[in-house]
Amino acid sequence: MTYATRFIMLLFTVGAFWSCKQDDPIPTVTLNVNALYPATYNQPNATGTRVMLTNTADATSTTAVADASGQAVFQGVLPGTYNLSASRSLTDAEAGTLTGIRQRVELNAVQNNVVIMETPSARIIDLRLSGSALGNLVIKEVYYVGSRTPAGGTYFSDQFVEIYNNSTDTVFLAGLCIADAYGVSGLINPTSRATEFSSSSLTQGTFQQNVYVNSVWRIPGTGRQRPLAPGQSIIIAQDGVNHKEAALNPNSPVDLSKADWETFNERPDGRDADAPDVPNLERLYFTGGFDWLVSVFGPGLVIFRTDNFDALDKVAIPGAAATILPRIRVPNALVIDAFEALQNGNSGGFKRIPTALDAGFVFADDTYNQQSFRRKTSSTIGTRRVLQDANNSTTDFEKLAKPTPKAFN
Amino acid sequence: MRWLWLLLLGGSVLAQRGPAQTDDPTPADSLQRGLTNLGNSVWLTGQNAAGLPNWQSFGYGITTLGATHNTGDFRRPQAPRQQTAYALSSEGLRSVGRWLVYGEFAYQKTRDQQISFSHGYDPFNGNPYLWADTLAGEPDAARWTRDHIRARVALSSPRLGRWRLGLTVPYHVGQGSRLLDPKPFYRVRELGVLPSVWYQAGPRWGWGVVAGGQSTQEENEVGYFATDYPLLYRLRGYGSFSRSPVVTAERLVSGTVWQGRLQTLHHTNPSAGAQSPSWLGQVGGQFRRETIREGVASPEAGGKFAETTLDGLVAYVRPVAAGGSRVALRTDVRNGIGTDPILRTTGATYLLATAAIDATRWRQTAGVFRRDGVRLLAESLDYQDKITQTNWSAVRLTGHYDVLRRWERSDGGAWQVGATAGVRWIPATQFNALRPTRLTTILTRPDYQIQTTSAALLNGSVGRDFRIKRFGNLLHRVDFQFSGQFTDAGNRLTGSLNYHLLYL
């Protein structure tokens, strides 16, 4: 047995020798991100900016905060392709110091598909922030992925959007519009491309100042109608029915028969049934389909107001056939809140919402898996929740296993 | 490829139909020997076909029809929660002239339920570069259906002076698919050639060498006819991955396995013939290389994997008049290295070492065969992923006590009962993940936890041998086998029911 023991020891020694060969280090890079205020501000360095670095391969994110020189440092970054996003909330006082106007501002910046290669010295990237003043109404929750039927089929009629009064005053909803942004959510097909409005020479220059939307719906009424108290919300359902019914989808996570509004798409063939107990939104513009089905891969949504909808520009999709309906151009200034979801962490290049309105995006783990996205609670005053609104869906929203209409748990 | 099928099928059938030899064993002897795996055989320990004559001195054939069901929560994340398999297999050994032919053929159909993070044939074969998604799910469409055929033919030449030559040809082909989008599918094919030689230096010493290679290939496809497009995960190690939506994609894993083995058999008292005690020593190595390519029109690198295995065995058999005993010490070291397709440097590695000692004693008395055995196994596991800075390691100790009793009846039938009780104990573990990813929490760490969970192990079997007069020399056996792993993290139970037909 002595020889056998020696033999085994030899094997283990050889094994240990092999393992020594495996200690080649993984190359990493130091990334310095310079966060810069808008050029019109009286200081260049955006101290305190939170910068998020997201690996497009696996959607892993790390965050760094810009120091006094406006620099956020990421150590040990693996070579690869990344999305960079940055956000900075300015208080009334800070905004007053930087711009002369005392009004809270959310600043954002995004740079997608940044290729980071192995370099001996640190890589430096500048991110210029831009932003807009905060609104009172916010999109509280969006459930768009749909669910699976007991037979494993797909069910998407249970989509809904919830809008929340995040202010301290009653808001009157009459005239509030909701619309979905034009463009695919990611590389759904090999030929999928980011929205043509972002790349066409006709619209590229103004793409970041407008949202190009497909269908537009409006809450009926005028003036001080449809009040919504602080801390309250409304549900806009694709179909205002109990989706859990046996005839629909017992696996659906939602009963929307008590929704506040539904998007009834009246058609001659009656393909979209009208739920009699739920009032209908006004259909201002519609670009096709049986129903207002937003992408289960991830929609871009905006809520906005305009005194004259007909005055908004209708812009043809660059390169599209003349038979394709043009899209409505909604200037950023009209937008109250935005939400963006894309297909996955690699889909940043498919963003449809301008950075100033929404610097980030969310994505579900899969389609038809019942996941929903709800805005995080920033603070609670009495019984009223104040929801987080940094104009960045990535940081403002949390991913839920199931939707929570008119609830927070 | 048809000639290969003819060779494999023909070899298997030929091996079962050849003339019986003159040793006049009973079917029960053959079945007993085939199932109990006793003695020192270079064929069994190292696939040395030139050693076939030293393994069995008589021809036999066994055909088995069986079903196995495996269920339980105690499973690695990439293993099915439930698995049902149906198998038809046949093996046999016959002489053809002065040649000896061994053949085996097995067809297995498997239905797996609730598998996640595995689109391939075998997620546990060491290669860290896998395709996967998260869709385990309950619906029938999420079930994997697999069909596999395995065959092996071995030839042993007539004695050429002190030499004897051998050749083994193993073959495996299979495919599996899942109906649920994105409809992953795989095809696997493995073909090997293992020439061997045996040199009988004298009455005491014999030496053998086996050296050969194997070609392996696995093709993966996803997305054809898919109606929705979930994310495709490209696993790159222990937590490291890339993912992207997929419409259709193809992937090819091609590889080779080179192996060599040196064997020696020493009879301490050759004058005692079959009663001579013997030592068997064996050292070997296996070098496996796999390259992964994605896409057809413009293939892209999907990673490279290399695994080196060294193994050693020392066994001592001491026959006595009505039985014998055997002690075997086996050890092996496996070292796997994955070269990451994106960073193009070493990403995932592992080093696994095992040492096992088996001690078995068997006795044949009037109408009763008794076998008792003890097995102690020590394992060292060490996995590293440099991208996610994950490292986990463990020492795992397993002990078994094994009992088999066989009561033979005067009509040639028998009852056979077996039981094994054991325990797996984890004296030391360590897990670090300094750059965790989403998969660290849902795949890597759960896998670590399953592999480092102490367990009570319990196996049992009961079998009945019987004859049917109309079928003369055939022996029939029906047996039921059960095995269970019982842990604080859940249990894993396996049951199988088999019908064997044995003929000479």
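Strand β12 of chain A, covering residues 160-165, pairs with strand β17 of chain A, covering residues 233-237, and the two are joined in the antiparallel sense over 5 bridges. Within this pairing, A:Phe160 stands opposite A:Ala237 in β17(A). The model discussed here is a predicted one.

These two strands belong to an open sheet of 6 strands in chain A, which follow one another in the order β18-β17-β12-β9-β24-β27 and whose pairing is mixed. At the edges stand β18 (261-262) and β27 (397-400) of chain A, each of which has a single partner strand, so one side of each is left without a neighbour in the sheet.

## Nonpolar cores

The largest nonpolar core holds 70 residues, and the members that touch the most others are A:Val213, A:Ile236, A:Val302 and A:Ile303. At least two residues of this core come from each of the chain A strands β9 (137-143), β12, β14 (177-181), β15 (210-218), β17, β20 (300-304), β22 (327-331) and β23 (335-340).

Around A:Val302, once its neighbours within four places in sequence are left aside, the contacts are A:Ala179, A:Ala181, A:Val211, A:Val213, A:Val330, A:Val335 and A:Ala338. Apart from the core that contains A:Val302 lies another core, of 28 residues, which includes B:Val42, B:Leu52, B:Phe105 and B:Trp198.

In chain B, strand β14 (residues 323-339) runs antiparallel to strand β15 (residues 346-365), and 16 bridges join them. One of the paired positions brings together B:Gly323 and its bridge partner in β15(B), B:Arg363. The two strands form a hairpin with 6 residues between them, and in the turn B:Arg344 has a positive phi of about 55 degrees.

Strand β15(B) also pairs with strand β16 of chain B (residues 368-385), again in the antiparallel sense, here over 18 bridges. In this pairing B:Ala356 stands opposite B:Leu377 in β16(B). The hairpin of β15(B) and β16(B) has 2 residues between the strands, and B:Gly367 takes a positive phi near 75 degrees in it.

## A buried leucine in chain B

Elsewhere in chain B, B:Leu502 is found in strand β21, which spans residues 490-503. With 21 other C-beta atoms within 10 Å, B:Leu502 counts as buried, because the cut-off for a buried residue is 20 or more such atoms. Between B:Leu502 and B:Gly223 there are 279 residues in sequence, counted from one position to the other, and 45 Å in space, taken from C-alpha to C-alpha.

Conventions
Residues numbered from 1 in each chain as written. Chains lettered and ligands numbered in written order. Predicted model: local features only at pLDDT ≥ 70, side-chain atom pairs only at ≥ 80, totals over all residues. Pairing = 2+ DSSP bridges. Helix = DSSP H or I, 4+ residues; strand = E, 2+ residues; numbered from the N terminus. Buried ≥ 20, exposed ≤ 12 C-beta atoms within 10 Å, placed from the backbone. Core = buried A, V, L, I, M, F, W, Y, C linked by C-beta atoms within 7 Å. Contact = placed C-beta atoms within 7 Å.
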